[in-house]
Amino acid sequence: MTQGTSIIAKFESAPGRELYFFSLYRVLEAGILAGLLFSPLSGLLGAPRAPELATVVTGLYLTFSVVVLLLSRREAWLVPLVLVGTCVDILVAILITYALPEATAGIAMMLLFNVAAAALLLPVRLGIGIAMLAAASVLVEFFVTVLGKTASERSVAEVIMYSVTYLAVGYLASQIGQRARSSQALAEQRGVEVANLFEINELIIRRMRT
């Protein structure tokens, strides 16, 4: 039974590792943002539109990322941690995009990975929902900025391309995640079958000796 158990444990630990590395990447994102914003390199982010907002959001995001990383060892919390964490990622990306308009491209690219990772780890409906939320948030932020008569350096075409990219990547990642989970379930089933065969072989050997 030990052999079968080790096989199953190996596969069951995979989602836990993926959740941990996703959380670690979020800490890296927040750390890079904080390192640029609170250092002499802040000029690389361009002229801020709302410096106080950027400071508060970055500090809170870094704290939140560390807390989620500490909780990510609990594999049973995978779905709520990924769901809540990614929603916070989207909110932070939108706020930082508004506060630091010249950093929009970098923020959008980092959020793309978060959306893809969430779609991989979450059930299909939730994964696609996250992609739709990211796409809608980008559009809402752009139009709120424009309607507020604040100058925006992005064009409508650029915003639409970001939204379509989030939807496409989210859909593809959710399909890949679904297939991966199906393969994992099949592998677990085969692991149990191998364990049962191992027990039967041991029982046969003991009776032959008798």
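Valine 27 is buried, at a relative accessible area of 19%, where buried means under 20%, exposed over 50% and partly exposed in between, with a 1.4 Å probe and protein chains only. A quick note on the source: this is a predicted model, where local features need pLDDT of at least 70, side-chain atom pairs count only at pLDDT 80 or more, and totals for chains, interfaces and linings use all residues. Residues are numbered from 1 along each chain as its sequence is written, and side-chain values use heavy atoms, with hydrogens and water left out.

Back to valine 27, which sits in helix H1; helices here are DSSP runs of H or I with at least four residues, numbered from the N terminus. What does valine 27 touch, leaving aside neighbours within four places in sequence? That would be Leu62, Ser65, Val66 and Leu69, with contact meaning heavy atoms within 4.5 Å. Its C-alpha is also 8.7 Å from that of phenylalanine 64, which is 37 residues away along the chain.

Arginine 26 belongs to H1 (residues 2-37) and aspartate 89 to H3 (residues 78-99), so the bridge ties together parts 63 residues apart in sequence. Arginine 26 is buried at 1%, and aspartate 89 is buried too, at 3%.

The axes of H4 and H5 (residues 124-147) come within 8 Å and cross at roughly 160°; axes are lines fitted to C-alpha atoms, for helices over the stretch in contact, and angles run from 0 to 180 degrees between N-to-C directions. So H4 and H5 are roughly antiparallel, the word for angles over 145 degrees. Val115, Ala118 and Ala119 of H4 make the contact with Gly127, Ile130, Ala131 and Ala134 of H5.

Last stop, also in H5: glutamate 141. Buried or exposed? Buried, at 8%, and beyond four places in sequence it touches Ile94, Thr97, Tyr98 and Arg154.

How values were computed. Helices (H or I, at least four residues) and strands (E, at least two) are DSSP runs, numbered from the N terminus. Angles under 35 degrees count as roughly parallel, over 145 as roughly antiparallel, 65 to 115 as roughly perpendicular and the rest as oblique.
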